[in-house]
Amino acid sequence: MNKFTILFLVLLCFFSCKKEVEKKPLVDDGSIRYQLFQLEKFGWKSKVHSQKVDDINFTATEVPIQYYLLKDQGNEDLFNIDSLYQENKTERVLEFTFEQEDEDDLLKDKFTSLSYEEGVKYMSFSLDKDFYVVTSKNDTIQCSGVSYERNFKVAPFQKVLLFFSGIDPKEKIQLIYNDKLFKKGTLKFQFKDTYTEILL
């Protein structure tokens, strides 16, 4: 190969690489990064409401779905996170915990009148029927699913994730819990602001 052939191949490679770079425009993810920073600064899990009935604490926490998207997807591609958020922005995720004041296991039959195994089954498969949300427009949204996070008697509480669909991100919500498991009545948890307001 002579010098001209080598030079020609180097230039050809250079221009084809340059065209590849030009095909991928640089896009600024600054606005997405700023929104996530605002949510983190406010505190991902700062919207917490607790009630104590007899010796049991019931705590509801609203968590923005971006928290779970980042936890699942990582922060390598913020455009993907934003795209997933846009597709799912009418979803709400609430963490709900049950904790006995002396850190006793609440799934014991003395609390639920069920066997331990039946208590676990109830938390896993029937608890969703005990929760619903009322929006500021007085729409009632049933719980669309529950994910029970089993702790196998390691943590002193029981925790579930509650999923609700079809709620405008600007809607203020109130969580209603009709406690059939521990028979403590109806509990209401009012979330007075929205994450949309935090981002403004």
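**Close-up views of salt bridges**

**View 1. E149 and K159 are joined by a salt bridge, with 3.5 Å between the closest N and O atoms.** In this predicted model, local features need pLDDT of at least 70 and side-chain atom pairs count only at pLDDT 80 or more, while totals for chains, interfaces and linings use all residues. Residues are numbered from 1 along each chain as its sequence is written, and side-chain values use heavy atoms, with hydrogens and water left out. A salt bridge here is a side-chain nitrogen of Lys or Arg within 4 Å of a carboxyl oxygen of Asp or Glu. E149 belongs to strand 6 (residues 145–149) and K159 to strand 7, 10 residues apart, and the pair links distant parts of the chain. Strands (E, at least two residues) are DSSP runs, numbered from the N terminus. E149 counts as partly exposed because its relative accessibility is 34%, whereas K159, at 16%, counts as buried. Buried means under 20% relative accessible area, exposed over 50%, and partly exposed in between (1.4 Å probe, protein chains only).

**View 2. K159 also meets E95 in a salt bridge (3.9 Å, N to O).** K159 lies in strand 7 (residues 158–164) and E95 in strand 3, so this contact ties together parts 64 residues apart in sequence. K159 and E95 are both buried. Through salt bridges that share partners, E95, E149 and K159 form one network.

**View 3. E62 and R92 pair through their side chains in a salt bridge (3.2 Å, N to O).** Because E62 sits in strand 2 (residues 56–63) and R92 in strand 3 (residues 92–100), the pair ties together parts that are 30 residues apart in sequence. Both E62 and R92 are buried. The structure holds 11 salt bridges.

Key
Helices (H or I, at least four residues) and strands (E, at least two) are DSSP runs, numbered from the N terminus.
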